[in-house]
Amino acid sequence: MDQIACPACGKQFQINPSYYGKSFQCQCGQMVNVPNPGMAPPPPPPQPGYAPAPQPGYAAPPPGYGAAPAGPTGTPGIVIAGFIFAFLCPLLGLILCAVGSGEAKRRGAGSGLVTAGIIISILNIIVSFAIFSQGATY
Ligand SMILES: [Zn+2]
């Protein structure tokens, strides 16, 4: 595909890629230098590999990070309050956890805290009833 002309006699030669950057002797005795295509591209084309967007793998933001839902995320505050009240006031903690469980499921977060709050609330209610009933028998 590549051709080169002898500067002395003008004879055209088909250039084998293995001759790039080397020189050979023409039949007229003139040494013909074969330009290396990497060093001096004959007609500089507007190299399409440079101008367009650089490697899409680098520029694109990693999927999954930017796709977070826009609404509030994380454990709902009412669930956290319910978990705290499970220790302080078990009945109120049970109610708050029950109310917050729907919100926790909707957000996909905090349902473990809901379960823990409900269990602790029920345990504390049982314990307080046991203490109360024991105290009542005295
Ligand atoms: Zn020649």
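Reader: Does α2 pass α3 in a left-handed or a right-handed crossing?
Author: This is a predicted model, in which local features need pLDDT of at least 70 and side-chain atom pairs count only at pLDDT 80 or more, while totals for chains, interfaces and linings use all residues. Residues are numbered from 1 along each chain as its sequence is written. A crossing is left-handed if the near helix is turned anticlockwise from the far one by less than a right angle, and right-handed if clockwise. Here α2 passes α3 in a crossing that is left-handed.

Reader: Are α2 and α3 roughly parallel or antiparallel to each other?
Author: The axes of α2 (residues 77-88) and α3 (residues 90-107) come within 7 Å and cross at roughly 155 degrees. Axes are lines fitted to C-alpha atoms, for helices over the stretch in contact, with angles from 0 to 180 degrees between N-to-C directions. Under 35 degrees counts as roughly parallel, over 145 as roughly antiparallel, 65 to 115 as roughly perpendicular and the rest as oblique. The helices are therefore roughly antiparallel.

Reader: How many residues of the contact of α2 with α3 are nonpolar?
Author: On the α2 side, the contact (C-beta atoms, placed from the backbone, within 7 Å) includes I78, F83 and F85, and on the α3 side L92, L96 and V99 are among the residues. Ala, Val, Leu, Ile, Met, Phe, Trp, Tyr, Cys and Pro count as nonpolar, Asp, Glu, Lys and Arg as charged, and the others, Gly among them, as polar. Three residues are polar and one is charged, while the nonpolar ones number twelve.

Reader: Which residues of α2 are buried?
Author: A residue is buried if 20 or more other C-beta atoms, placed from the backbone, lie within 10 Å of its own, exposed if 12 or fewer, and partly exposed in between. In α2 that picks out I78, V79, G82, F83, F85 and A86.

Reader: Is N36 buried or exposed?
Author: N36 lies in the loop between β4 (31-33) and α1 (56-59); helices (H or I, at least four residues) and strands (E, at least two) are DSSP runs, numbered from the N terminus. Because 12 other C-beta atoms lie within 10 Å, N36 is exposed.

Reader: Which residues is N36 in contact with, leaving aside its neighbours within four places in sequence?
Author: Y20 is 16 residues from N36 in sequence, yet their C-alpha atoms are 4.6 Å apart. With the neighbours within four places set aside, the contacts of N36 are Y20 and G21.

How values were computed: Two residues are in contact if their C-beta atoms, placed from the backbone, lie within 7 Å.
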